[in-house]
Amino acid sequence: MRVGVPKETKDNEYRVGLVPSSVAELVHHGHTVLVEQGAGVGAGLIDEDYRAAGATLVEGQDRVFAQAELIVKVKEPLATERRKLRAGQVLFTYLHLAPDLTQTTDLMASGATCIAYETVTAPGGGLPLLTPMSEVAGRLAPQVGASSLEKAQGGRGVLLGGVPGVPPAQVIILGGGVSGTNAATIALGMGATVTVVDRSAEVLRRLAAQFGSGLGTVFSTRDAIAHLVRRADLLIGAVLVPGAAAPKLVTRAMVKTMKPGSVIVDIAIDQGGCTETSRPTTHSDPRYVEEGVIHYCVTNMPGSVARTSTFALNNVTLPFILMLADKGWKQALRDDPHLRAGLNVHAGEVFCRPVAEAHQLPAASVEELLKG
Ligand SMILES: NC(=O)c1ccc[n+]([C@@H]2O[C@H](COP(=O)([O-])OP(=O)(O)OC[C@H]3O[C@@H](n4cnc5c(N)ncnc54)[C@H](O)[C@@H]3O)[C@@H](O)[C@H]2O)c1
């Protein structure tokens, strides 16, 4: 199969779909890998490394899109990239379609087969291709939150860990899954007072066992959230309802009760964000102020630590990429129910139920599709 790796074009996105060792693996399996010149340079991966791994370097993304049967990316295709997709082509990348009707309809119009990293599942539950990026974003959140609390960024001027005699910052984390747990690890390590809110008693039990009495755990209710938000210095949004738009747990009225200069880092912004005042931002302009509160809502947080993120992503995507390339998408989906869960759009139809529901579109059945 001809596998194509275009350079990412999203603002400040330096990750790349395949690292040279993944390319070598595909080449070893008999596939041709077309890599756009300079695709990995932002992650410190130079063209020479790709050439040595057996890739064919091509100039410009047009040739990658025109020639590849399987496109491997990191972020969702931008409008210009979407226009280059075609029927019969497979796209394997993060898509996050539930909050993005334009992208959904463009992908439907392209006729391509679009498999989303974020809805691929694992035997023990969970979303294995989202996990490493959630780990990165979770670990980054207290770091960017701490710098946002500094006066120079418009923050309250509060040091996350405090100092002896001065209390630390109050960090409230909504969602105790992968990103929430990683955010808690770092925030606690920085010396903050940390509380995690989740709607799953099981998750709260796991957190309590993992962190002991150093971490506050609270069951998610509207009341509890309103109370905690009021006293937060740093609020981290880390909730997820798989495939669906993020629930708006924090209303504008709640944000109004926050202290001036306090900070919201909404990791869940890629699914629409979990506060009513969140809107997507970029690494080049990451923050804005709404109701006196600094908002950091970058949709591709792991892009700022591109090297760590690229390797972490490749570790989990490579087995699926090999499956798709070796067997073709249809057989790969027949053989693996977890990869099958990744099918979002094919030949103009939506196959991921939460995405279909979010846009009030009919959901087609992947089982029916694969019968043929
Ligand atoms: N901005 C970025 O760059 C970036 C990077 C990686 C991941 N993400 C996003 O971060 C979000 C979280 O991902 P994750 O991997 O940590 O998910 P996860 O599934 O591991 O955890 C989500 C948690 O949210 C909880 N939850 C759901 N509804 C809730 C509610 N009403 N109240 C309280 N808790 C609730 C769930 O019980 C679960 O524990 C996702 O939207 C993901 O796409 C963003």
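This is a predicted model: local features need pLDDT of at least 70, side-chain atom pairs count only at pLDDT 80 or more; totals for chains, interfaces and linings use all residues.
Close-up 1. An oxygen atom of the ligand lies 2.7 Å from an N or O atom in the side chain of S134; a polar contact is a pair of N or O atoms within 3.5 Å. Of the 27 residues around the ligand (those with a heavy atom within 4 Å of it), S134, S179, D198, D270 and M301 come nearest.

**Close-up 2. The contact of helix α7 with helix α8.** The axes of α7 (residues 178–189) and α8 (residues 201–211) come within 12 Å and cross at roughly 30 degrees, and the two helices are therefore roughly parallel to each other (angles under 35 degrees). From α7, T181, A184, T185 and L188 make the contact with R206, L207, Q210 and F211 of α8, where contact means heavy atoms within 4.5 Å.

**Close-up 3. The contact of helix α1 with helix α11.** The axes of α1 (residues 20–28) and α11 (residues 306–327) come within 11 Å, crossing at roughly 20 degrees, which makes α1 roughly parallel to α11. S22, E25 and L26 in α1 meet N314, L318, I321, L322 and A325 in α11.

**Notes.** Residues are numbered from 1 along each chain as its sequence is written, and side-chain values use heavy atoms, leaving out hydrogens and water. Local features need pLDDT of at least 70 and side-chain atom pairs count only at pLDDT 80 or more, whereas totals for chains, interfaces and linings use all residues.

Conventions. Axes are lines fitted to C-alpha atoms, for helices over the stretch in contact, and angles run from 0 to 180 degrees between N-to-C directions. Helices (H or I, at least four residues) and strands (E, at least two) are DSSP runs, numbered from the N terminus. Angles under 35 degrees count as roughly parallel, over 145 as roughly antiparallel, 65 to 115 as roughly perpendicular and the rest as oblique. A polar contact is a pair of N or O atoms within 3.5 Å; within protein, one must be able to donate a hydrogen and the other to accept it, and residues adjacent in sequence count only if both atoms are side-chain atoms.
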